[in-house]
Amino acid sequence: MNIRHTITKKILRWVLVLCFAGFVPCPSLAAVKPPAPCGAVPTERQVNWLRMEWYAFVHFGINTFTGKEWGYGDEKPELFNPSGFDPESAAKVFKKAGMAGMIYTAKHHDGFCLWPTGSTTHNITRSPWKKGKGDVVKGFANACKKEGIKFGIYLSPWDRNNAEYGRPGYLRVYERQIREILTSYGPIFEMWFDGANGGDGYYGGTREKRNIGNSDKYYNFERIVKLIRSIQPDCIVWGAAQHGDVVWGGSEKGFVKYPCWNVINMDKQEEKWISLEADTPINGAGWFWHPGQNARVKSPEQLMQVYYDSVGRGANLILNLAMDRSGRLDPADVAALNSLAEMRRRLLSHDFAAGAEASASEVRGKDDAFKASNVTDGNIESYWCPEDKTTGGCWLEIKLSKDATFDVVRLREQIRLGQRVKSFRLEAFLDGNWQIVDGEGKTIGNQVLRKLAKPVTTDRVRLVITDSRACPCISEFSLLRHPDPVAVDETSLLCNESEETSAPLPRDKWTSEMTGASKAWDGDDSTFWQGNGNKLIVNLGEEVSFSGFSYLPKQNGDFNAMTDRYRFEVSSDGEKWKEVASGEFPNIRANPILQTVTFDRAVKARFFRFIGISSLEGKGASAAEINLLK
Ligand code: FUL
């Protein structure tokens, strides 16, 4: 006891000597305390997730083989038979692009399970692929592991195949599926619980509409989240009626609204940290692969904008690349991803502010732990911070060693202390004055990328915090340059042999007696035909042979009379009609993209009529564009 006491005293004496000599930071009693957390703070799991920034989504399943976006649930398992499933090349593409991982649709709304589950017979063991011994989930899990990227799972709660759906029996099936996924394939970084519950489906052959009412209540997401936490506590839960960690960003176009808050129930007792994820397909054709989709791939500039509007607003981005019928990524999608990845790399490759001198209107307790230059030290954890009482009117200045030209400013908050900043502006010292170069800044959060109206050349820049929930804690202040567009490899955009593209037929002879009908074939996506009745009758002007049609829903964001169930009929005289197709246009509320319908066989007709059986909202029918396909 005495010996220990003597040793402790000796150590203390040495520490004091070294402190005074300035060799180690002195743990003085007057050490300045860091600010208290403000409101809800993220868990370690959420912080790690936000640092991932972006990752891939892969839609691949029975829909890949039927050309649908939502399967009805009655699809035959025999349809699933990829000729060259190649998860390793896909994982390599994602890794090379700098993506942190991928999420795979192990079960979509059609209920077909792409792993050998014991929960239902509607699964991959019934498909001819690998003589029923295949496991797509395992293929992706192993490929991701090999490439050192993370792996996550989309498991649709809505199951249009299961006979028990809508009843307690299905909940046991679903729980078993979750358990199997979480216990058989190594670490799962995110579980994605889609919110779509469309109603009708096959449901074991009953072919009816099943309404589950309050989905949170039916699925009991609270219990599901507890189950996930008990098996894989590091797994991010997406959706799940806000019982999880992350929610939908509110669009399937890859943007989140700005200002972007990572807290819900702000300033209330039950304030909770929940981050946002923005999802979008890299291809305008939809989430699943469709023949001819290479013509609809988004341009690198469009995708870069998506990056600014998601990651650059403080959310994460999940970018979908669908696999085709062979089980490989579409070369056009890969080329677009590579160009986007190159643009992103160029944007982030040079920070003019790295290591630069910085000063501030004040530093908390004048303590170096909170000094201004923490924002240029490249360490995401260190931060500048003023006194507690300062919640606005403070500034942070960066002084570069020489003039630099930049047009993107990246800011980060130390989110472990909560999201605080409510508004800010950016100023540059130009022609001997401080001039505002961005007066519209609102939230910062994990990061914000502010694209300036035009490039600015200066050696002094200021961030002025105008309002904050509590004293701001800024961890990074970077000055970047928006990259020039990176061209896409053109050869990838050529049609590959497996793609039976359906070319639209000319529409110059079309006529109709219905008011405004021609707006459905004027080649302008922004105009549309909308009828109080539900029929669009068109005279083709001559007999035409065609084997399908395409329908573009209204693009103006108005769901009134937006047709979501249709019947398509043809006639040679405009009097006797024959139905050639009927069905649904799935998911058009969230994703109003071009819908393509292929008939069983080609038809010859002089008239067609497009009948809206139901619409998303209100009465009537509408179409922005209709085409007949060869
Ligand atoms: C939506 C689904 O309905 C789509 O089919 C797609 O899977 C998308 C990612 O989520 O809610």
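Analyst: Contact means heavy atoms within 4.5 Å. The model is predicted, with local features needing pLDDT of at least 70 and side-chain atom pairs pLDDT 80 or more, while totals for chains, interfaces and linings use all residues. Residues are numbered from 1 along each chain as its sequence is written, and side-chain values use heavy atoms, with hydrogens and water left out.

User: Which residues does Trp70 touch, not counting residues up to four places away in sequence?

Analyst: Trp70 touches Asn63, His108, His109, Trp158, Arg160, Ala196, Glu584, Pro586 and Asn587.

User: Why is Trp70 called buried?

Analyst: Buried means under 20% relative accessible area, exposed over 50% and partly exposed in between, with a 1.4 Å probe and protein chains only. Trp70 has a relative accessible area of 14%, and is therefore buried.

User: What makes a set of residues a nonpolar core?

Analyst: Such a core is a set of buried Ala, Val, Leu, Ile, Met, Phe, Trp, Tyr and Cys residues joined through side-chain atoms within 4.5 Å. The largest nonpolar core here has 84 residues, of which Phe94, Tyr104 and Met191 touch the most other members. Helix α10 (residues 331–349) gives the most to this core, with 8 residues; a helix is a DSSP run of H or I of at least four residues, numbered from the N terminus.

User: Which residues is Tyr104 in contact with, leaving aside neighbours within four places in sequence?

Analyst: Among them are Val58, Phe60, Leu114, Phe140 and Tyr154.

Definitions and conventions:
Helices (H or I, at least four residues) and strands (E, at least two) are DSSP runs, numbered from the N terminus.
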